[in-house]
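Please keep the sequence and the structure in view while reading the points below.

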Amino acid sequence: GWLQKLSAGLSKTRDAVTGQLDRLLGRAADPALLDELEVALISADLGMPVVERVMGQLRAQMRGGNFSSADKVRDLLRQSVLDILLPTQSASMEQLVAQGPRPFVILAVGVNGVGKTTTVAKLTQRFRQQGKKPLLVAGDTFRAAAIDQLQVWADRIEVDVIRHRPGADPAAVAYDGMTAAKARGSDVVLIDTAGRLHTKTNLMDELRKIKRVVAQECQGAPHEVLLVLDATVGQNAIAQARQFHEAVGVTGIALTKLDGTARGGIVVAIADTFKIPVRLIGVGEDVEDLQDFDAKAFVDALF
Ligand code: GDP
């Protein structure tokens with residue numbers, strides 16, 4: 001089931017963090033134990049603000065004589081992280097779509113290579129399986145391969161995709177997408193966008209323009225600006241989130257490739273820094289590996 005996949009996907013991060021804890025298990029909780037744990041948490045990319053806060057709590061507990069073994073440290077660590085993650089725990093994409101207006105418009109943003117197109121496609125497939133009528137919009141007109149990749153997915157999932165020639169204005173594709181969605185009675189529109197790294201200013205302008213066009217065609221849209229981030233880049237993901245959030249106002253985050261990294265603590269750093277809900281996590285390449293984020297299950301799998 002999905003819990004096994006989650007657990008397998010987080011194994012590298014778990015080994016990095018709780019490998020330390022396990023090694024120390026049974027030992028009395030001494031300051032050296034906490035120092036070693038602190039290093040493990042930093043390398044798992046929970047981010048310094050979180051690490052400092054959590055370690056402060058743990059050290060205070062130890063001074064108060066509240067624990068004497070690594071097991072207790074684990075419990076406290078688990079609770080501290082849960083306290084950070086739970087407030088940002090939110091509705092799943094399915095719930096958002098079910099409760100939201102029709103068509104529900106999702107604008108997917110993020111830099112190239114993070115898994116944006118794959119995430120959009122996996123999400124589309126899930127909507128399709130739930131009997132919804134999704135429409136894909138190929139908004140990355142900058143790379144011909146991106147349009148083709150989305151088309152391949154669309155053919156496989158058997159959904160329509162609105163596409164223009166490479167080099168076309170992405171806002172024009174978005175406009176056509178909105179018109180088509182209304183005409184065809186689509187339940188949910190998923191707009192894939194460009195993510196070229198080197199000309200960021202233009203990219204952000206482009207995304208803002210897409211957003212304006214979408215809002216003009218459908219009041220309140222986009223209903224979700226989903227930022228896709230790659231967990232393997234660690235703290236760089238924070239910098240990316242800041243840029244996209246400033247430019248287009250991110251409302252949800254999908255964090256991919258947690259299976260490929262020992263830096264899975266980045267989920268915690270992101271939730272803590274931006275207070276933006278992490279909606280989805282990617283723990284592998286298969287469709288089932290795109291999971292709704294569940295704070296409790298995540299913490300259980302991690303510690
Ligand atoms: P884009 O440039 O952001 O659209 O990235 P793509 O969607 O083309 O994905 C880049 C690569 O990342 C592809 O090979 C995907 O299969 C892979 N990928 C996406 N999500 C995950 C994930 O959660 N885990 C792993 N291991 N690979 C992923």
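The model is predicted. Helix H7, spanning residues 116-129, contains 14 residues. From its first C-alpha to its last, H7 reaches 20 Å, close to the 20 Å expected at 1.5 Å a residue.

**Helix H7**

- H7 is mostly covered, with eleven of its 14 residues buried.
- Among the buried residues of H7 are Val120, Ala121, Leu123 and Phe127. The buried set also includes Lys116, Lys122 and Arg126, as well as Thr117, Thr119, Thr124 and Gln125.
- An α-helix has 3.6 residues a turn, so residues three or four places apart point the same way.
- Just after H7, Gly131 adopts a positive phi of about 85°.

**The sheet**

- Eight strands make up an open sheet with mixed pairing, in the order S3-S2-S4-S1-S5-S6-S7-S8.
- The edge strands are S3 (160-162) and S8 (290-292), each of which pairs on one side only.
- From one strand to the next, the twist averages 25°.

**Strand S4**

- Strand S4 covers residues 188-193, and six of its six residues are buried, so the strand is largely enclosed by the rest of the structure.
- Both faces of S4 are covered. One side carries the buried residues Val188, Leu190 and Asp192, and the other carries Val189, Ile191 and Thr193, also buried.
- S4 runs parallel to strand S1 (residues 104-109), and four bridges join the two.
- S4 also pairs with strand S2 (residues 134-139), in the parallel sense and over six bridges.
- Leu190 of S4 is the bridge partner of Ile106, and Leu190 is also the bridge partner of Leu136.
- Val189 of S4 is the bridge partner of Leu135.

**The annotated segment**

- An unreviewed UniProt entry annotates residues 277-290 as "domain: SRP54-type proteins GTP-binding".
- Over residues 277-290, the chain is 0% helix and 43% strand. The end C-alpha atoms of this segment are 16 Å apart.

Definitions and conventions. Residues numbered from 1 in each chain as written. Predicted model: local features only at pLDDT ≥ 70, side-chain atom pairs only at ≥ 80, totals over all residues. Heavy atoms only, no water. UniProt positions renumbered as here; feature names shortened; annotations may be inferred. Expected span 1.5 Å × (residues − 1). Buried < 20%, exposed > 50% of the residue type's maximum accessible area, 1.4 Å probe, protein only. Pairing = 2+ DSSP bridges. Axes fitted to C-alpha atoms, helices over the stretch in contact; angles between N-to-C directions.
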